[in-house]
Amino acid sequence: MKILSLLLVIVLFIMMFPLVENLPQFGDPNQISNQKVSKYYLEHTLEVNDVPNVVTAVLADYRAFDTMFETAVVFIAGLAIIFILRRPRRRKNKNGYVYEKLVDHVGYQPNIIVQTTCRIFVPIMQLFALYVLAHGHHSPGGGFQGGVILGSMLILLAVCFNLRIMLQKFSIRKHILYSAIGVLIFFMFGFLAIFFGKNFLDYTYLNTILGLTDKESRSLGILFVETGVAVAVMSVMFTIYANLRTSGRINTAEQ
Amino acid sequence: MLEVFNLFILGLIIICAIASLAVKDLITSAMLLGIYSFVICLFYSILGAVDVAFTEAAVGAGISTVFFIVTILKTERKSKD
Amino acid sequence: MEIFLEQINYIVFLILMLIGVYAMMIKNNLMKKVIGLIIFQTSIILYFISLAYKDHASIPILAHHSGADHHIDISHYDNPVPHALMLTAIVVGVATTGLALALIQRIYERFNTLEEDQIIKILKDK
C-alpha cells in the first residue's frame, strides 16, 4: 500500500513536470489573464466608487455575491460544529437513561501576571481591529481581517482568564445570535436595494435615503457590508473555540 | 525570482512542511504548522499580495494553531507515525 | 533547464501539493491527515497568487493622485482578481479545519484511539 502510493505520487510528478513550461511566463505583464476583466476593474474602480484598495472593491462591490455566501459558509461551519459536539451524553440504566451532569472543568485560578498582561493587550487589540476594519478602503485590511483579530481577542480573554468567567460575561447564546446578525446585515443590505427598484446588491439605493452621490453611497455600502462580515466572523471564531475546548459540554442554561 | 532570498524562503517552506509531518510529538507538529503558515505569509508579501498575507497571518498562524492545540489537549499527544 | 529555474514557483507548488496528497494517503494518525489537508489547501493558494504576479509592479492599491488624470497604467499594479478569490479560499479553509478537528474529537470519544489501523481493527471485531 505504501509502495503503491509512493509510486502513484512519483508518476503524477513526472507527468505534471513538463506542463510547467506551458504555463504563462512568471511575471509577464501582457498575460491574457491580466487583460480582460482585471483591466476593467483596475481602470474604472476610482470613478465608480472612490476606493483605492482594488482587492476590497472587487471583494465587496464587484463580486459581493461571493462574499455573501462566504459569510454564510462560515456561519454554517460554526453551526455544524455545535451540532457535532453538543449532544446529550447519556448511559442506559435499569430504570431508563442517566444523563451526564454538564460541568465545565475549566475552572483554574488565573495567574496575576497573565491577568495583567491580558488587561493591557485587550484594548489595544480591539482598537487595532476596528482600525483595520475601517481602513479597508485605503490600506490592506477589510472585514474579514478585522473580524479574525476581534475573535483572537475573545480567545485571548478565554485563555488568560477562565472560560467560565468569559462565558458569564458574554454567553454562547449571544455569540450565536451575533453571528446570525452579521450574516443578516449582509443579506439585508442586498435586499433593501430591491425595494428601491435597483438590482440586488447594488449599493446606489443609499442616495435616495441619505442624499449622497453615487460614488459615496457605494463606498458607504462597502463599509456597512464589511461590518456585517466582521461581526459574523468574530462570533463564529469564539464559538468554535469554546466548543472545541470543552467538547461541547457547555451548560447554556446557566451561562 | 532567481534571487537567493526567494529561493531560501521556498526551501524553508518545503522543509517546514516535511518536518511537520515527520515528527512524532503532535504539539511540535502543530508548532511547525504555525511556522509553515508564517513563512508562506512572508512569501505572499514578497509576491505583492498584502491582503492575502494579512489574512494568512491572522488565520493560519493565529487561529488555526490554537484550534490544533486545543484538540490535542482533548485527545492524545503522541502519535505512532 | 533555464525555463524551470524561471518558473520555480510552479514546481514548488507541485511538490507541496504532492506532499499534501501523500500525507493524506499514507499516514495512520488522523491529525497528520488533517495537516496534509491544510498543506494541500495552502499550496493551491500559492499557485493562484503566483499567477497574479507582474514584474516590477506594485501592490494593488491605487495611488490616490491617479484618479485625477484618469489614466492608470495596469502594468504598474498586480492583478487583483486572484487575490480576492483567494481570500474566500482561506476563509473556507479555516472553516473546514475547525470541522475536521471537531470530528476528530468525536472519533476519539468513541474509539479512544487516533490511529486508523486500530480503528479499523475495532470495527472489524464487532
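Modeller: What follows covers ring pairs, nonpolar cores and a chain contact.

Biologist: Ground rules before we start?
Modeller: This is a predicted model, where local features need pLDDT of at least 70, side-chain atom pairs count only at pLDDT 80 or more, and totals for chains, interfaces and linings use all residues. Residues are numbered from 1 along each chain as its sequence is written, chains are lettered from A and ligands numbered from 1 in the order in which they are written, and side-chain values use heavy atoms, without hydrogens and water.

Biologist: How many aromatic pairs over all chains?
Modeller: The search of the whole structure gives 17. Rings of Phe, Tyr and Trp (its six-membered ring) pair if their centres lie within 6.5 Å; planes under 30 degrees apart are stacked, over 60 edge-to-face, the rest tilted. One of the pairs is C:Y10 with C:Y47, edge-to-face at 5.9 Å centre to centre and 70 degrees between the planes.

Biologist: Where do C:Y10 and C:Y47 sit in the chain?
Modeller: C:Y10 is in helix α2 (residues 8–26) of chain C and C:Y47 in helix α3 (residues 30–51) of chain C, 37 residues apart. Helices here are DSSP runs of H or I, at least four residues, numbered from the N terminus.

Biologist: Are C:Y10 and C:Y47 buried or exposed?
Modeller: Both are buried, meaning under 20% relative accessible area, with exposed over 50% and partly exposed in between (1.4 Å probe, protein chains only). C:Y47 also pairs edge-to-face with C:F48, at 5.6 Å and 70 degrees. C:F48 has a relative accessible area of 30%, so it counts as partly exposed.

Biologist: Which residues do ring pairs link into a cluster?
Modeller: A:F26, C:Y10, C:F13, C:Y47, C:F48 and C:Y53.

Biologist: Switching topic, which residues have the most contacts inside the largest nonpolar core?
Modeller: A:F238, B:Y36 and B:F68, in a core of 113 residues. Such a core is a set of buried Ala, Val, Leu, Ile, Met, Phe, Trp, Tyr and Cys residues joined through side-chain atoms within 4.5 Å. Helix α10 (residues 214–246) of chain A gives the largest share, 12 residues.

Biologist: And chains A and C, how much do they bury?
Modeller: About 5100 Å² between them, 73% of it on carbon and sulfur atoms. That is the accessible area (1.4 Å probe) lost on putting the two parts together, summed over both.

Biologist: How many salt bridges between chain A and chain C?
Modeller: One, taking a side-chain nitrogen of Lys or Arg within 4 Å of a carboxyl oxygen of Asp or Glu. C:E109 forms a salt bridge with A:R87, with the closest N and O atoms 2.6 Å apart.

Methods: Helix = DSSP H or I, 4+ residues; strand = E, 2+ residues; numbered from the N terminus.
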